[in-house]
Amino acid sequence: MRLLLTIFLLIGTPGFADETSYAVIERGREIFKRCQNCHTIEEGGYHRIGPNLYGIMGRKIASLPDFDYSPALKEYSGVWTAEVLNSFIERPNHVAMGTDMSFRGINNPSDREALVSFLALQGPGTINIEVEDTLLQALENGDAERGKRLFHPCQACHSFKAGAANKIGPNLYGVVGREIASSPGFGYSEQLVKLSGIWTPERLNSFIFEEKKFRRGTHMAFRPFTELSDRADLIAWLKKLSPDYSETIKR
């Protein structure tokens, strides 16, 4: 397997070391865990805040038809080569000024090499290394009691009991599994009204992580939770406030 990985990377990622070891790719897999709040990488994976990255190597930049890229990336021409990815990962805002990405970049060249080497293996005709989805595991195992304490500042804007009136923000009772922008009598922002689907734990994670990037134009004045453990615990509490969702999961 190590030989096959080396052969692919010699062909597929020009500009890097003459031989890419299995250890380097494993290191890239670990580094990619930092990216999982915003990106999936498995074949057919859905988009998070950022697009699915399966098959990114050699793909035209900003080319997935079902993802809403920033104007900065839409105007950026070319394809994702190893060199372009390396530059983008180092300083996203320098490569595509005005990109929506909040990611500041990776300074360490060997870390970037490892991450790009890993990304190169996630596509058709390559040997894929399984990525443990730490995000989904964390969201499944949040501490609801701690989340209840974290929710306390949210009460300034949100009610959370069945039948309670909306405040500045909508009532969050039953929010998990509920249609987005569907709390009766609440005037949502135009951007949220346009967004279809339901509030899943993963979508809530994206919104709580950085709501301005998740859906530009929302009225919400909220300082995001940057720690995954905090978001997982808060969402665990919101699940307890959502009996319909809890019953669906049990079945």
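**Note on burial, aromatic pairs and cores**

1. Tyr188 is buried, with a relative accessible area of 17%. That falls under the 20% limit for burial. The value comes from a predicted model. Tyr188 also has an aromatic partner, Phe186.

2. The structure holds 6 aromatic pairs. One of them joins Trp80 and Phe88 in an edge-to-face arrangement. The ring centres are 5.2 Å apart, and the planes make an angle of 70 degrees. Both Trp80 and Phe88 are buried. Phe186 and Tyr188 also pair edge-to-face. Here the centre-to-centre distance is 4.8 Å and the angle between the planes is 75 degrees.

3. The largest nonpolar core has 26 residues. Phe32, Leu73, Trp80, Leu115 and Leu119 touch the most other members. Helix 2, helix 3, helix 4 (82–90) and helix 6 each give two or more residues to this core. Helix 6 supplies the largest share, 5 residues. In general, nonpolar side chains of soluble globular proteins tend to be buried together.

4. Leu119 deserves a separate look. Leaving out residues up to four places away in sequence, Leu119 touches Phe32, Ile41, Leu53, Ile56 and Ile89. Of these contacts, Phe32 is also among the core members that touch the most others.

5. A second, separate core has 24 residues. Its members include Phe151, Val175, Ile180 and Trp237.

6. Helix 6 covers residues 109–120. Its 12 residues should span 16 Å at 1.5 Å a residue. The end C-alpha atoms are 16 Å apart, so expectation and model agree. Burial is the other point to check. Of the 12 residues, 10 are buried, so helix 6 is largely enclosed by the rest of the structure. The buried residues are Asp111, Arg112, Glu113, Ala114, Leu115, Val116, Ser117, Phe118, Leu119 and Ala120. The list takes in Asp111, Arg112 and Glu113 as well as Leu115 and Leu119.

7. Tyr54 sits in a loop, between helix 2 (22–32) and helix 3 (71–74). Is Tyr54 buried or exposed? Its relative accessibility is 15%, so Tyr54 counts as buried. Tyr54 and Gly123 are 69 residues apart in sequence. In space, their C-alpha atoms are 5.4 Å apart.

How values were computed
Residues numbered from 1 in each chain as written. Predicted model: local features only at pLDDT ≥ 70, side-chain atom pairs only at ≥ 80, totals over all residues. Heavy atoms only, no water. Helix = DSSP H or I, 4+ residues; strand = E, 2+ residues; numbered from the N terminus. Expected span 1.5 Å × (residues − 1). Buried < 20%, exposed > 50% of the residue type's maximum accessible area, 1.4 Å probe, protein only. Phe/Tyr/Trp six-rings, centres within 6.5 Å; stacked < 30°, edge-to-face > 60°. Core = buried A, V, L, I, M, F, W, Y, C linked by side-chain atoms within 4.5 Å. Contact = heavy atoms within 4.5 Å.
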